[in-house]
Every structure is written in C-alpha cells, then in structure tokens.
Amino acid sequence: MKIFWRTTKWISLTLLGVVLVYGLLALVFSLWSTNPPDNDCSKDKIVYVTSTGIHLDVVVPVGDLPEGLRHASFQDSISTHIAYGWGERNFYLETPTWADLTFSNGAQALLVNSAPVMHLTRYQEKKPGWVAVELCEDALAELLVFIEDSFQKTASEEWEQIGTTGYSENDFFYEANGQYNAITTCNTWLNNALKAAEVKTSRWSPTTHGILYHLERP
C-alpha cells in the first residue's frame, strides 16, 4: 500500500512539475518578441486576427484571396471575409468555446500527438473585435502561401472536406497537414503564419494571449 501511495505521489508531483515548466516557458516565449525586418513598403493590405478565447483565426478579405484559397464549398455572393484556423481534430470539432471544454478532449489535445484539421469560417461583414494587421503585398502573399500549404490535398489538388458544415452553415472543416501536440498548437500555427508574413509576434505562444499581447500593443 505504501508503494502505491509513493508511486501516486511521485506521478502527481511529476505531472505538476511538467505543467509548471510548460506554463513558465509559455510565459517567457510569449513575451519574448520576434524581430522581423522593417521593410520599406506600402502596407496597404489588411488582414485580421480573431479569437474565440481558445482558438485564433486569421481573417482575409475575399478580394485578396488567390485562386487556391477560393474553395467551392464556401463561396457565395455575400461573404466579405474568410477566417482560417488550424487545430487538433477532436478538440477543434468538439470545443468551439471554453464552455465546451472537457477533461478528456483537453488532455488529448495536450498529451497526444494527433492529426489536425483546418477550420474555415465565412463572414458577411467585418467584426468590431477583430485585430487589424497591416501588411505589404509581398508579406500578404507569403501569409496566403502558408495558409494554403496547411491544407491537405488530394491527388487532384482538392481539399478534403470533413462533413458538410462545421458549427454552423457558415463554417467548414478540412483535413490538414502537420501534427498537433503540446508544442505545436492551434495558436502556434497562427503565430507561425504571422512569422511567415514578417509580423512582430511571440517567439512561441501556445495560448491566444501571448500573440494578442504583441498585436494589440501600439
């Protein structure tokens, strides 16, 4: 019996230590910013970052989307912006907000190396809570390449859609490239997208707050 309690105590302390170290690293690397080059260009392109509190998406005006990101499943005549996000399959499909979080899907997202999905949402107008990010035309092109490369494609270069819709009739899920784990989360994907566009952001941030901290600073 003593061995059991000692083992349980050791496991509990080890897990607590891992969580504390992870949290400390997340804080340090979230506050530590990148240093992108100060490009002398006309920043006349604007994309946006939006948050659900758990997930961050990058939102692109429909008029700036290349052919490769104009998928037939979400095109309509009234959408003005399209949001893109990447995340763990079960967590993304089952946890749109904190209210939907369960121990099971939270633990799986953090502890299991699992397959991701791309989440796409169409909007009919710009939302007031979005954070604007000004980009040069070349930077926007790099961002869009990063987004397009995140989609898993068939031999005929088509996206692989999951189901018919997502949380509503205005959002959709697709198979994605990569592997999701505690180091590579939905928010580190967004952070890497900003790095591709040479936007000042966190060195690494698994949470929404670390990224928004840099975007919302004057």
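Aromatic pairs number eleven in this predicted model. One of them joins tyrosine 48 and tryptophan 130. Its geometry is tilted, with 5.5 Å centre to centre and 45 degrees between the planes. The two residues sit 82 residues apart, so the pair links distant parts of the chain by sequence position, with elements taken as DSSP runs. Tyrosine 48 belongs to strand β1 (residues 45–51). Tryptophan 130 lies in the loop between β4 (116–123) and β5 (131–135).

Tryptophan 130 also pairs with tyrosine 123.

Tyrosine 48 has 9%, so it counts as buried. Tryptophan 130 has 8% and is buried too. Tyrosine 123, with 19%, is buried because its value falls under the 20% cut-off.

| Residue | Relative accessible area |
|---|---|
| Tyrosine 48 | 9% |
| Tryptophan 130 | 8% |
| Tyrosine 123 | 19% |
| Glutamate 137 | 55% |

Ring pairs also build a cluster. Its members are Tyr84, Phe151, Trp159 and Tyr174.

Now the surface. Asp44, Glu137, Asp138, Glu142 and Glu198 form a negative patch. Which helix holds glutamate 137? The residue is found in helix α4 (residues 137–149). Glutamate 137 is exposed, because its relative accessible area of 55% is over the 50% cut-off.

How values were computed:
Residues numbered from 1 in each chain as written. Predicted model: local features only at pLDDT ≥ 70, side-chain atom pairs only at ≥ 80, totals over all residues. Heavy atoms only, no water. Phe/Tyr/Trp six-rings, centres within 6.5 Å; stacked < 30°, edge-to-face > 60°. Helix = DSSP H or I, 4+ residues; strand = E, 2+ residues; numbered from the N terminus. Buried < 20%, exposed > 50% of the residue type's maximum accessible area, 1.4 Å probe, protein only. Patch = residues over 30% accessible without salt bridge, like charges linked within 9 Å, V, L, I, M, F, W, Y side chains within 5 Å. Areas by Shrake-Rupley, 256 points an atom, 1.4 Å probe, with all protein chains shown as cover. Salt bridge = Lys/Arg side-chain N within 4 Å of Asp/Glu carboxyl O. Lys, Arg positive; Asp, Glu negative; His and termini not counted. Charge placed at Lys NZ, Arg CZ, Asp CG, Glu CD.
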